[in-house]
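Hi everyone, thanks for coming.

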Amino acid sequence: MTPITSEALRAALTAPFVPGEALDLTQRQVTGPVDLCGLSLSGFDLSGSVFEHNLDLSGATCLGLTWLKACHFTAGLRGMESVFGHDLRLDGSDIYGDLNLRGAEMCGTFVLDDATLDGTTDLRDVQALSSLSCARAVFRGDVDMSGAECLGGVWADSACFESHVKALQTEVHGRTWLRNMRVGGPSPRHFQTQLVTYGYLWD
């Protein structure tokens with residue numbers, strides 16, 4: 001694990017974007033809160049990193065890959081109204097604190113497979129232009145994805161929602177896979193009836 005300050009990380013991520021390239025910043029120990037609000041960011045891979053404080057991407061434009069696979073977030077992750085120009089990958093991450101991506105736009109895949117989310121998850125009004133996948137993810141707090149649009153389908157095989165799930169008027173275009181999903185609050189059938197689906201549904 002390589003230590004990096006929040007200032008050094010900010011400087012690296014705001015370097016000029018080169019299409020087709022992504023900064024290799026894997027396995028970093030990020031000290032200090034990271035405020036990237038409203039900035040244009042290069043593509044990056046921070047997989048396997050530990051964030052000792054909060055990471056705030058609110059209003060940022062991520063021009064390339066946004067890979068945060070198998071990361072440890074000590075104080076949550078914020079990205080309200082952000083634009084992710086390619087994949088947003090949080091698969092295998094542990095997120096302590098809240099995940100707030102309200103109003104964000106994902107132009108690539110949005111992946112939460114095998115993640116553990118300890119706080120609330122706010123995905124209201126998210127636009128996922130590709131698929132949203134949360135297979136085997138564990139959501140310990142309330143989840144709200146009301147008004148979201150998933151244009152490439154939803155894959156929630158074996159996802160575990162330990163608390164309340166709200167998905168009023170969530171539109172899913174393409175495949176909706178809810179098999180083996182567990183919900184601690186309302187039943188999976190109640191979750192399904194909140195969705196507006198425009199493709200095949202498996203539950």
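**A quick tour**

Let's start with R89, which lies over the face of W67, 5.3 Å from the ring centre. By the rule used here, a charge sits over a ring if NZ of Lys or CZ of Arg is within 6 Å of the ring centre and within 35 degrees of the ring normal.

Before going on, some housekeeping. This is a predicted model, where local features need pLDDT of at least 70 and side-chain atom pairs count only at pLDDT 80 or more, while totals for chains, interfaces and linings use all residues. Residues are numbered from 1 along each chain as its sequence is written, and side-chain values use heavy atoms, with hydrogens and water left out.

Now, rings with rings. How many aromatic pairs does the count come to? It comes to 3. Rings of Phe, Tyr and Trp (its six-membered ring) pair if their centres lie within 6.5 Å; planes under 30 degrees apart count as stacked, over 60 as edge-to-face, and the rest as tilted. One of the pairs is F51 with F73, stacked at 5.0 Å centre to centre with 5° between the planes. F51 belongs to strand β7 (residues 50-51) and F73 to strand β11 (residues 72-73), so this pair ties together parts that are 22 residues apart in sequence. Helices (H or I, at least four residues) and strands (E, at least two) are DSSP runs, numbered from the N terminus.

Buried means under 20% relative accessible area, exposed means over 50%, and partly exposed is in between (1.4 Å probe, protein chains only).

Next, look at F139 and F161: their ring centres are 4.7 Å apart and their planes are at 0°, so the pair is stacked. F139 sits in strand β23 and F161 in strand β27 (residues 160-161), so here too the pair ties together parts that are 22 residues apart in sequence. Both F139 and F161 are buried.

On to the sheet. Seven strands, or 7 if you're taking notes, form an open sheet with parallel pairing, in the order β4-β8-β12-β16-β20-β24-β28. Two strands pair if DSSP finds at least two bridges between them. β4 pairs with strand β8 (residues 55-56) over 2 bridges, in the parallel sense, and V34 has L55 in β8 as its bridge partner.

What about cysteines? A disulfide here is a pair of cysteine sulfur atoms within 2.5 Å, and searching the whole structure turns up 0 of them. The sulfur of C37 has its closest cysteine sulfur in C62, 11 Å away, which is too far for a bond. C134 is in no disulfide either, with the sulfur of C150 nearest at 9.3 Å. C37 is partly exposed at 34% relative accessibility, whereas C134 is buried at 6%.

Last stop, backbone angles. Most residues other than glycine have a negative phi. R136 isn't a glycine, but its phi is positive, near 65°, and R136 is placed in the loop between β22 (132-133) and β23 (138-139). N180 isn't a glycine either, and has a positive phi of about 65°; its loop runs between β30 (176-177) and β31 (182-183). R136 counts as partly exposed at 43% relative accessibility, and N180 as exposed at 54%.
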